[in-house]
Amino acid sequence: EGSTITFNGPFGETNLNVDAVYTAKARLSDLMTDADKSLLTSSDLTDAQTPQWVDVILHMNGPLKNLLLTFDLDLEDKHSQTSLAYQKLKLINTDDRQKVIQATSLLILNTFLPPEGIGTSTVATGAINNLSQIISSSASTGLTNIINKITGDKKLNVDVKYINYNYSDPTLGNGLNRNILNASINKSYFNDRLIVEVGSTSDWGRPASASATSNFNLTGDFRIQYLLSDAGGLRLNCFRSSDYDVTLDRDIIRSGVGISWRKTFDNFGEFFRSNKYAEKQRKLQEQKMNNAELQDTTSAKKPAGTE
């Protein structure tokens, strides 16, 4: 309400003065450290830990060709505005970077992320990883589509994964907070019997050792799998991987060959039955569905009053 869009001249000069609101239910206590919570009275702490309706306000201002997007956060119910928890929310509104982080978290996860030391608490790490899984999946799909269009090869797949993790060790003093970024490309050959994957993993963060700060090399790691059967259960493996070891604070290179077996199943009955039985059941189910569709089509074509 009250927003305006003004058309005057070229399309790029279209001027926006638009506000949009998304409402999420979140707890103000997620914005606070343990030290902050210790300063609250029992009633204020209970109030901060109770989910409340939070307005994520998006402001869109300026010409379309150079649009300025900004956020503001506020509570629908102002009964908590005198509390320390609400002051934390007001403080976020003075920091553009924090506003974007918190608005993104509220839009996707319906929760706040702690503004101090993001990634240093279990709750924050879990929220970051949930968000990163969504982004990683979208990035993998988008990059795969781009590679497929450029090369014209539909069998090329890109896989991107990001994980934030923590580890506490008294010998390290303040512990560590690290990040893993894995990127790889895989392709199948010979009727999908041979699968080749190349890529690498970059691991960085605190503590920063010389060997683990920058170890990204696209062809550093590889995995080759050959399916010994059409079903793909039994397969030969050959691999090389380089992973950061938290306890040793250095990279560990692993390589080898082996044989593995895998099976996908929805229940234990399928696990103990052969793949041929599962394929037979699938075909029977498809035949039943086709027969049902054919019967429905035939009934629809019959004139009224006929049998």
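**Briefing: a sheet, its helices and a core**

The buried residues of helix H3 pack against helix H1 (34–38), helix H2 (42–48), strand E4 (68–75) and helix H4 (96–109). Contact here means heavy atoms within 4.5 Å. The model is predicted: local features need pLDDT of at least 70, side-chain atom pairs count only at pLDDT 80 or more, and totals for chains, interfaces and linings use all residues. Residues are numbered from 1 along each chain as its sequence is written, and side-chain values use heavy atoms, with hydrogens and water left out.

**Helix H3**

- Helices (H or I, at least four residues) and strands (E, at least two) are DSSP runs, numbered from the N terminus.
- H3 spans residues 84–92, and its buried residues are Ala85, Tyr86, Lys88, Leu89 and Ile92.
- These residues cover an arc of only 150 degrees around the axis, so they sit on the same side of H3. The arc is taken from the directions from the helix axis to the C-beta atoms.
- Buried means under 20% relative accessible area, exposed over 50%, and partly exposed in between (1.4 Å probe, protein chains only).

**The sheet**

- Four strands form an open sheet in the order E1-E2-E3-E4, with antiparallel pairing. Two strands pair if DSSP finds at least two bridges between them.
- Strand E1 (4–6) and E4 are the edge strands, and each pairs on one side only.
- From one strand to the next, the twist averages 20 degrees.
- E1 and strand E2 (residues 15–26) run antiparallel and are joined by 3 bridges. Thr4 stands opposite Asn17 in E2.
- H4 lies across E2, strand E3 (52–63) and E4, and runs at about 70 degrees to E4. Axes are lines fitted to C-alpha atoms, for helices over the stretch in contact; angles run from 0 to 180 degrees between N-to-C directions.

**The nonpolar core**

- In soluble globular proteins, nonpolar side chains tend to be buried together.
- The largest nonpolar core has 19 residues; Leu28, Leu73, Leu89, Leu106 and Phe112 have the most contacts inside it. Such a core is a set of buried Ala, Val, Leu, Ile, Met, Phe, Trp, Tyr and Cys residues joined through side-chain atoms within 4.5 Å.
- E2, E3, E4, H3 and H4 each supply at least two residues of this core. H3 gives the most, with 4 residues.
- Beyond its neighbours within four places in sequence, Leu28 contacts residues including Ala85, Tyr86, Leu89 and Phe112.

**Ser184**

- Ser184 lies in strand E6 (residues 176–189). Ser184 is buried, with a relative accessible area of 4%.
- Not counting residues up to four places away in sequence, Ser184 touches Asn157, Val158, Asp159, Glu197, Val198 and Gly199.
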